[in-house]
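Biologist: Before we discuss anything, could you put the sequence and the structure up for both of us?

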Amino acid sequence: MADLEKETNGTNGTNGAHTTDAPVKLTRQDFVSDQEVRWCPGCGDYSILAQVQRVMPELNIPKEKIVFVSGIGCSSRFPYYMDTYGFHGIHGRAPALATGIKAANPELSVWVITGDGDALSIGGNHFIHAIRRNLDLKIILFNNRIYGLTKGQYSPTSELGKKNKSAPMGVIDYPINPLSMAFASEATFVARSIDTDPKHLTMIIERLARHKGSAFVEVFQNCNIFNDGVFKPFSERVVRDERMLYLEHGKPLLFGKNKDKGIRLNGLHPEVVQIGESGVGTDDILVHNESDPEPNLSYVLGRMQYPDYPVPVGVFRAVEKPTYEDMLEDQIKRAVAERGPGNLSKLINSGETWVINAEGETV
Amino acid sequence: MSAITLEGEDLQQRHLEELETVTIRFAGDSGDGMQLTGTQFTATSAIIGNDISTLPDFPAEIRAPAGSLPGVSGYQLNFSSRDIRTPGDEPDVLVAMNPAALKTNLPDLIPGGILVVNTDAFVEGNLKKAGYPASPLDDGSLSGYRLFKVPITTLTLRALEGVKIPHKQQERSKNFFALGLMYWLYDRPLDPTLRWIEDKFSKTPDLAEANRLALRAGYNYADTTEIFTVHYHVGKAKIKPGKYRNITGNEATAIGFVAGAELSGRPLFYGSYPITPASDILHELSRHKNFGVKTFQAEDEIAAIGAAIGAAFTGHIGLTGTSGPGIALKSEFIGLAVMTELPIVIIDVQRGGPSTGLPTKTEQADLLQAMFGRNSECPAAIVAPATPSDCFQMAVEAVRLATKYMTPVFYLSDGYLGNGSEPWAIPAVEDLPRFDVEFRTDAEGFYPYLRDERTLSRPWAIPGTPGLEHRIGGIEKQHITGNVSYDPENHDFMVRLRAEKIQRMAQDIPPIDVYGDQEGKVLLLGWGSTYGAITTAVEKMREKGASVSSAHLRYLNPFPKNLGDVLGRFETVIIPELNLGQLAMLVRARFLIDAVSFSKVKGKPFQVTELIRKVNEYL
């Protein structure tokens, strides 16, 4: 074997600088790894990375207790850039790895970084089940509505009719809505944000981090190489106020520069109304309740799309229920309380046993 | 042996004949409770000192149409006053609860064998389903056997008159009647089964009473009606002193991994998805939460291993279990575990394939899948238990090797081992060597892919350890730093290094033993569940002076260091396998010897007689 030791560079580890006893307030810089970030210049991923690194110190979790897990795709390079523990997995399977990590060691803060193809196509099954088990995982889905790493094929969130490398005549697969999937999976926390609004994104990531249970956020993320400007029609600064709806718990669903438009419920259907027109007052506007035990209204909001509706961002749903890992730990505690701590000798000697003595007699 | 004293009965009335070995097969509809009958007969035989070996054989359908041929469920057991290692080639006794059971099992019964049938089930509908134009009980076609016609259902119902359970339930007790009958015929005590009934049906006293009555009725019927003119006694086997229990391979596997985790000092995490014939391991492990065992029933096979790898990353003993189709789904994740060099164990309880194949039947055809079934150069260690009780030791071994070498280890059991059972000499826990794992904690000079010089394993640095924050993943690693690397020289180096690491394990596994002469004409080389049949064949042939030896591989990757030497000392090496010659292919490639492959893929284990016939061709 060739001696490659001399060719090493960088340290995908540490120089042992953080082993002091007293807790030191970490800074954003503490979460920046020594690895060169290799996303395309101008990619929306940079913003998400920056906001996550910004939120991290606020959580007061020691770096060694944080694990970032990812699948495959552009977004999934994320763990390499965080100076925490990290696991770059295989395509679509980050939730499975994260489930094992969190169930095995509930003390860890476990984050899943995924993309629209990773989470909703090849990893759809794991996405559903990680969420429905309500493991305390923070799942950030970078939705750029395209396969970037494989150079421009359509994804499960690509718009119908969209032309791209694998659909030169236009996509004929109907897209899936990530939020709908999360609601259908009984998610306890569902949110949405966008890479171009760092302030909102920071706030949402912090909410995500502080939720106890499976927390899911869809982040609209621009791929400036293969799907540039896909969110621009509603997210551009000049139109944003009119075309996006910022959800706030307990507040009426108002939007527009002058907050003079709102969402009213007509039966099971949301409709856009103008305050002051046709006798519409603020009282007619639907009030957002993220902690509603039933997700029905949040589901309705999650399906509102531009141009028929303003695109909602914010926290759609935030409810509490026991987590998988807590229930698992409880069962272990109960088993120990009922039967005593595991005794190997007792275990292997259990069931019907018999002894053959030196005379060959069964006793 | 504890004699049963039934009021006013004299057990010595009729002739008691001594036999050395008996093979019984209970066969009936899959709802007839034949597995239970078989396991009870087994447990009782073990307790009274026979050596035993069992082979359950059941259909893939939970309840195939009643009375149909595919719905037949069987349980064969071999009990003896001598040392035995197989469930017997052909039954001496067949208990057939219906025409379909008779039809499917009669071809295996030895000529002149004892045939007990439940005449009540030989009605037109059942005969038709089994394809009998007329009842075989009346047409003389069974004259080559000692046929005993017993109206088992009628007699059971009569015995249960007054028990307050529905008629249908009463009928279900007929397997206990059949068991009682066989207990008399083979001079077994009723106590162990009565105790078992007491325990099992403690919450349903009416059912307990029904089963007790049926068992006694069967016994008394045989005793009093003189339908059987003789009964038989099979003496105690000369069994090594010690404490024993009967154990199936799947049970031994499950508690073996609990033991392995305990001996390593780390908790066990089992990720699994239900699949025949491996599900019993999940059931068993889920009962041991007081050991800190975490069982995770995943959404699919892929998530099951993914979670096990995640758990291994945090310092748990990561375990996943499945059968062949599940391994196919797990392949990509196994590659990730090879790349990230995390210790996991993958249990494969092999079954007939390809695809869904024969879910409840045995086969050994996943060896090459374990060896090569992944993209690129992706070496993993392989161990294989040889007998149901050996499953315990090899499970411990799998954990030891995985943690010492930081690598995935395959554990190849099969349906025959998993469901088969034998007495197990329970080891003393204090005699089991500990191998406490060590995590890296020192941040000074830490690199995720810096290696131990002897084992080439990388440090196990778990999340929660301050100063050791690092990233791993499936992209090629730079030697030592573990950084992402696309460098061609580095890739070449790392591919060879991963292969070398597995080969280095040979320094940590025992040499292969030869049973019989250390050199000679023929060596039978086996692996996995064929141990019993191969060893018995060699033993029988050696008694007649043949120059035959055997050697059995429990470590298949890497091979024991001395394997090449051993093979070279024999004129002919015959490799019997329940596949089309997978080990033979590996041995031929590795040692350049003209090994003879002896294949069988019928979903059944080898019979001793067919092995002897094969060996005779080369003597």
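Biologist: In this predicted model, which residue of strand 17 of chain B does A:Gly86 stand opposite?

Modeller: Strand 2 of chain A, residues 85-88, pairs with strand 17 of chain B, residues 471-473, in the parallel sense over 3 bridges. Within strand 17 of chain B, the residue that stands opposite A:Gly86 is B:Arg471.

Biologist: How many residues does the contact take from chain A and from chain B, and what area do the two chains bury between them?

Modeller: The contact takes 78 residues from chain A and 89 residues from chain B. Of the area buried between these two chains, 63% lies on carbon and sulfur atoms, and the area itself is about 6900 Å².

Biologist: How many salt bridges are there between chain A and chain B, and what separates the closest N and O atoms of B:Lys294 and A:Glu329?

Modeller: The count of salt bridges between chain A and chain B is 4, while the rule for polar contacts finds 34 residue pairs across this interface, both residues being at pLDDT 80 or more. The salt bridge that B:Lys294 forms with A:Glu329 has its closest N and O atoms at a separation of 2.6 Å.

Biologist: Which element gives the largest share of the side of chain A that touches chain B?

Modeller: Several elements of chain A give two or more residues to that side, among them strand 2, helix 2 (94-104), helix 4 (124-132) and helix 10 (324-339). By class, the side of chain A that touches chain B has 30 nonpolar, 34 polar and 14 charged residues. The largest share, 8 residues, comes from helix 10 of chain A.

Biologist: Why does B:Glu476 count as buried, and which side chain does B:Glu476 join in a polar contact of 2.6 Å?

Modeller: B:Glu476 lies in the loop between strand 17 and helix 16 (488-504) of chain B. B:Glu476 counts as buried because its relative accessibility is 8%, against a cut-off of under 20%. Leaving out residues up to four places away in sequence, B:Glu476 touches residues including B:Met339, B:Asn483, B:Met494 and B:Arg498. The side chain that the 2.6 Å polar contact joins to that of B:Glu476 belongs to B:His491.

Biologist: How many residues of strand 15 of chain B are buried, and which residue of that strand is the bridge partner of B:Val383?

Modeller: Strand 15 of chain B, residues 409-414, is mostly covered, with 6 of its 6 residues buried; B:Val409, B:Tyr411 and B:Ser413 point one way, whereas B:Phe410, B:Leu412 and B:Asp414 point the other way. Strand 13 of chain B (residues 344-350) runs parallel to strand 15 and is joined to it by 6 bridges, with B:Gln350 standing opposite B:Asp414. Strand 14 of chain B (residues 381-383) also runs parallel to strand 15, with 3 bridges, and the bridge partner of B:Val383 is B:Tyr411.

Biologist: Why does B:Val93 count as buried, and what distance separates the C-alpha atoms of B:Val93 and B:Leu115?

Modeller: B:Val93 belongs to strand 5 of chain B, residues 93-96, and counts as buried because its relative accessibility is 0%. Among the residues that B:Val93 touches, not counting those up to four places away in sequence, are B:Val22, B:Ile24, B:Leu109, B:Ile114 and B:Tyr186. B:Val93 and B:Leu115 are 22 residues apart along the chain, and the separation of their C-alpha atoms is 5.9 Å.

Conventions:
Residues numbered from 1 in each chain as written. Chains lettered and ligands numbered in written order. Predicted model: local features only at pLDDT ≥ 70, side-chain atom pairs only at ≥ 80, totals over all residues. Heavy atoms only, no water. Contact = heavy atoms within 4.5 Å. Buried area = accessible area lost by both parts, 1.4 Å probe. Salt bridge = Lys/Arg side-chain N within 4 Å of Asp/Glu carboxyl O. Polar contact = N/O pair within 3.5 Å; in protein donor to acceptor, adjacent residues only side chain to side chain. Helix = DSSP H or I, 4+ residues; strand = E, 2+ residues; numbered from the N terminus. Nonpolar A, V, L, I, M, F, W, Y, C, P; charged D, E, K, R; others polar. Pairing = 2+ DSSP bridges. Buried < 20%, exposed > 50% of the residue type's maximum accessible area, 1.4 Å probe, protein only.
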